[in-house]
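Q: I would like to go through a structure step by step. Could we begin with the terms and then turn to the details?

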Amino acid sequence: MTDIPLTTREIHLAARPDGWPTPENFRLTDAPIPELGADQLLVANHCMSVDPYMRGRMNDSDSYIGSFQIDEPLQGAAVGEVIASTSSEIAVGATVLHGLGWREHAVVDASSAKVVDPTLASESAYLGALGMTGLTAYAGLTYAGKFKEGDVVFVSGAAGAVGSIVGQIAKASGASRVIGSAGSAEKVQRLTELGFDAAFNYHDAPVSEQLHAAAPEGIDVYFDNVGGDHLEAALTALNTHGRVAMCGAISQYNATEPSCAPRNLALAIGKLLTIRGFLVGEFSDKADEFAAKMAGWLSDGSVTFDETFRDGLENAPQAFIDLLRGANTGKMVVNL
């Protein structure tokens, strides 16, 4: 029988960042574990996710998701073992995915936890390819981007958790050409290993020049994780009736001044473009469809996934900061 601890460690938001986050914006804190209420679980977290969208939650501003609060724990996806339960549906010993990361133990409403099978895939896979990351890639490309067989697809931030899966799904679904941008020669090499037809380092030359060289006949779908100069370049490269699936804009998350790009948005008029922002939550009804397809792609090797690991809750803030600076290949995961 697992001993039930009385206290746990949590990462709290110590101060809101101005520009890039620093370690001083976070605080490692000991906290008491509350008693379980009705239909609740006590979960010993094994691993947690850090994701770019969390940067926006550090600001005190209106958004599609609530802001983190000063002197309260941050939140994010985590997987762990149930060590106490008042639920009739989820028993002690189950492995669950839930949304209360950034802490070593979490009291979770059973209704907000999902039981996962760690014998089918690693626990961390449910934070990435088999979880929200994978669904974001699939739904963003398929439904927001209206991908169809034969399309030429450009993915920015292509070596990241979402982007790397987008490119592989596009190839597995019949794209005629898949192009990715990344921030280092090593990441560009990894993209070619994952089956991208072309990839470039956006530090080497202007994105517009490198994208034109990689897709001289234009692109049909742009999956945007970066925004800024990447979006501007894509608007120039998109063919008539092209589509943009706007997933993220990591180039702007830590900016203290508004971005001037894209300066060529008027191209969307004459090219009859569709520019579609999306949130993964609007496609929750596609989760079963995605899971079935991803299981097949993983089984036949059409899709593989990379993970970058850091160990220890105390290192989660630095893992997040490093993520924003592109230190990860694939999903950034913190083992607890």
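A: Rings of Phe, Tyr and Trp (its six-membered ring) count as a pair if their centres lie within 6.5 Å; planes under 30 degrees apart are stacked, over 60 edge-to-face, and the rest tilted. This is a predicted model, in which local features need pLDDT of at least 70 and side-chain atom pairs count only at pLDDT 80 or more, while totals for chains, interfaces and linings use all residues. Residues are numbered from 1 along each chain as its sequence is written, and side-chain values use heavy atoms, leaving out hydrogens and water.

Q: How many aromatic pairs does the structure hold?

A: There are 11 aromatic pairs. In one of them, the ring centres of Tyr138 and Trp297 are 6.2 Å apart and the planes stand at 55 degrees, so this pair is tilted.

Q: Which parts of the chain does that pair link?

A: Distant ones: Tyr138 belongs to helix α2 (residues 132-144) and Trp297 to helix α8 (residues 287-300), 159 residues apart. Helices here are DSSP runs of H or I with at least four residues, strands are runs of E with at least two, and both are numbered from the N terminus.

Q: Are those two buried or exposed?

A: Tyr138 and Trp297 are both buried, where buried means under 20% relative accessible area, exposed over 50%, and partly exposed in between (1.4 Å probe, protein chains only).

Q: What about Tyr143 and Phe283?

A: Tyr143 and Phe283 form a stacked pair, with 6.0 Å from centre to centre and 25 degrees between the planes. Tyr143 is in helix α2, whereas Phe283 lies in the loop between β13 (274-277) and α8, 140 residues away. Tyr143 counts as partly exposed because its relative accessibility is 23%; Phe283, at 6%, counts as buried.

Q: Which residues do ring pairs link into a cluster?

A: The cluster consists of Tyr138, Tyr143, Phe223, Phe278, Phe283, Phe290 and Trp297.

Q: New topic: where does the charged end of Arg325 sit?

A: The charged end of Arg325 sits over the ring of Trp20, 3.8 Å from the ring centre. The criterion is that NZ of Lys or CZ of Arg is within 6 Å of the ring centre and within 35 degrees of the ring normal.

Q: And how many disulfides are there?

A: The search of the whole structure finds zero disulfides, a disulfide being a pair of cysteine sulfur atoms within 2.5 Å. Cys47 is buried, because its relative accessibility is 3%, and Cys247 is partly exposed at 27%.
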